[in-house]
Amino acid sequence: MSAPRKVGTGFRIRRANSQAGAPQSTETGFRIRRANSQAGAPQSTETGFRSRRANSQAGTSQSTETGFRSRRANSQAGAPQSTETGFRSGSDGADGDGPPFAVDVRGLTKRFGHKVAVNNIDIAIPTGEVWGFLGPNGSGKTTTIRMLCGLLEADEGEGTCLGYDFRQQSEQIKRETGYMTQKFSFWEDLSIRENLDFVARLYRLPDRRKLVEATLEDLGLFHRRHQMAGELSGGWKQRLALAACMLHAPKLLLLDEPTAGVDPKARRDFWDQIHQLSGRGITVLVSTHYMDEAERCDRIVYINVGHLIAKGTVAEIIENSGLITFTVAGDGARKLAEKLRGAPGVEFVAFFGAKLHVSGYDRSLLEAALASFAGDSDLIIGEAATSLEDVFIQLQQNRRGDTP
Ligand SMILES: Nc1ncnc2c1ncn2[C@@H]1O[C@H](COP(=O)(O)OP(=O)(O)OP(=O)(O)O)[C@@H](O)[C@H]1O
Ligand SMILES: [Mg+2]
């Protein structure tokens, strides 16, 4: 097994006369020096998590289908989660006796006419974990979710959801799965309580009144119970939708962009609830376009044009991307961006706030490009840890995500 490769922050490039400290000069007029690097020490990144890699090999994507089970370790709201191999979740499911994998499907494929919306996807989610489902618009997330919960028939594929054959036993799967649709789909002219009551009737749930009251309390909706759903803001609508899909005590939650258009505080509250539910052993697959939400997941699946492109923890996905990222700050950064686009070794150039991120796979080509275009300007150039967003931009740009 090769030694873990460090993620970012290994080097800093600085202009020769920009700062005191006498770094070594190079032929190109830059000074390059190693900063804060220690062999083998995990590097922290700008987003605050530490890259940690277990049993990984550079360049190979990580599979969760190798028989290990993982659990949330040192969980903190807002902190990205690491998973550890070799031990398992305290709970097998909401009632503690479920299968080891809540979702375990292989070769999932869906065609609409000639279009292949989902192409040969394998997903195995250990029971009790929270997985993020990411990919550009139209990449196949909703289609995949709808196949998993039996609302859409797969053209190909085999496997199980909650231990049931996902092709043959969709009724059982639906009974134990909560699906939150991408678009709010409740009755706008009913109150929150009436909506929940109606859903409870549809499912013929026993002790309906008590159950609705308890759910209202549980999800912080009690004080708004008489408010019409149509009058709710986006965040409260999402909360109602989550409450409705929790009523029948599902073991698996499939949430399709549940926080789209919701403000940061409401999104945080929502995620706190997701993690509370996960703490009870409920498995969650949640699609999102938000990077901060992706970092709250145990693992991420990234698809593009129906293909599964990357799978693993945030740290694994970043490391396996092989991307190296430099940042450029200063007045001339915008002009530099134009020059760097298309330069040899420069895969993409994008602004994150006032800083330009320049990423590529070949360090020497990247350094040469920066040296030739920024050599005489008064720019501050440094190496940064590649962020998840850098990786996703690159995966999206590759279209099929063919990383080297
Ligand atoms: N019922 C349908 N008939 C024909 N094509 C469809 C149908 N549903 C989805 N598609 C196509 O399948 C592809 C995947 O769509 P899907 O809705 O799964 O993407 P998505 O990843 O959920 O996108 P978004 O992030 O915009 O929600 C798209 O090209 C879409 O146009
Ligand atoms: Mg969708």
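Predicted model: local features only at pLDDT ≥ 70, side-chain atom pairs only at ≥ 80, totals over all residues.
One open sheet is formed by four strands in the order β16-β17-β15-β18, and the pairing is antiparallel. The edge positions belong to β16 (348-352) and β18 (380-384); each has a single partner strand, so one side of each is left without a neighbour in the sheet. From one strand to the next, the twist averages 25°. As a general point, strands of a sheet pair through backbone hydrogen bonds, either parallel or antiparallel.

Strand β15 (residues 324-329) pairs with β18 in the antiparallel sense over five bridges, and T325 stands opposite A384 in β18. Five bridges also join β16 and β17, again in the antiparallel sense; here F348 has S359 in β17 as its bridge partner. β16 and β17 form a hairpin with two residues between them. In the turn of this hairpin, G353 has a positive phi of about 65°.

## Helices α9 and α10

Helix α9 lies across β15, β16 and β17 (355-360), and its direction is at about 20° to β17. Helix α10 touches β15, β17 and β18, and runs at about 15° to β15.

The two helices also pack against each other: α9 (residues 333-340) and α10 (residues 363-374) meet at an angle of about 125°, with their axes 10 Å apart. That angle makes α9 oblique to α10, and the crossing is right-handed. On the α9 side the contact involves L336, K339 and L340, which meet A369, F373 and A374 in α10. By class, the residues of this contact are five nonpolar, no polar and one charged.

A second open sheet has four strands in the order β6-β5-β8-β9, with antiparallel pairing. β6 (115-126) and β9 (164-165) stand at its edges with a single partner strand each, so one side of each is left without a neighbour in the sheet. Strand β8 (residues 156-161) runs antiparallel to β9 and is joined to it by two bridges; T160 stands opposite D165 in β9.

Helix α1 lies across β5 (101-112), β6 and β8. The direction of α1 makes about 120° with that of β5.

## The shell around ligand 1

Which helix supplies the largest share of the shell around ligand 1? Helix α1 (residues 141-148) does, with three residues. The residues around ligand 1 include K141, T142 and T143, together with G135, N137, G138, S139 and G140. F112, A117 and Q182 are also around this ligand. By class, the shell has two nonpolar, eight polar and one charged residues.

## The helix pair α3 and α5

Helix α3 (residues 192-202) and helix α5 (residues 234-246) have axes that come within 9 Å and cross at roughly 25°. The two helices are therefore roughly parallel to each other. Their crossing is right-handed.

In this contact, I192, N195, L196 and V199 in α3 meet L240, A243 and A244 in α5. The contact consists of six nonpolar, one polar and no charged residues.

Technical notes
Residues numbered from 1 in each chain as written. Chains lettered and ligands numbered in written order. Axes fitted to C-alpha atoms, helices over the stretch in contact; angles between N-to-C directions. Parallel < 35°, antiparallel > 145°, perpendicular 65-115°, else oblique. Left-handed = near helix turned anticlockwise from the far one by under 90°. Contact = placed C-beta atoms within 7 Å. Nonpolar A, V, L, I, M, F, W, Y, C, P; charged D, E, K, R; others polar. Pairing = 2+ DSSP bridges. Near = placed C-beta within 6 Å.
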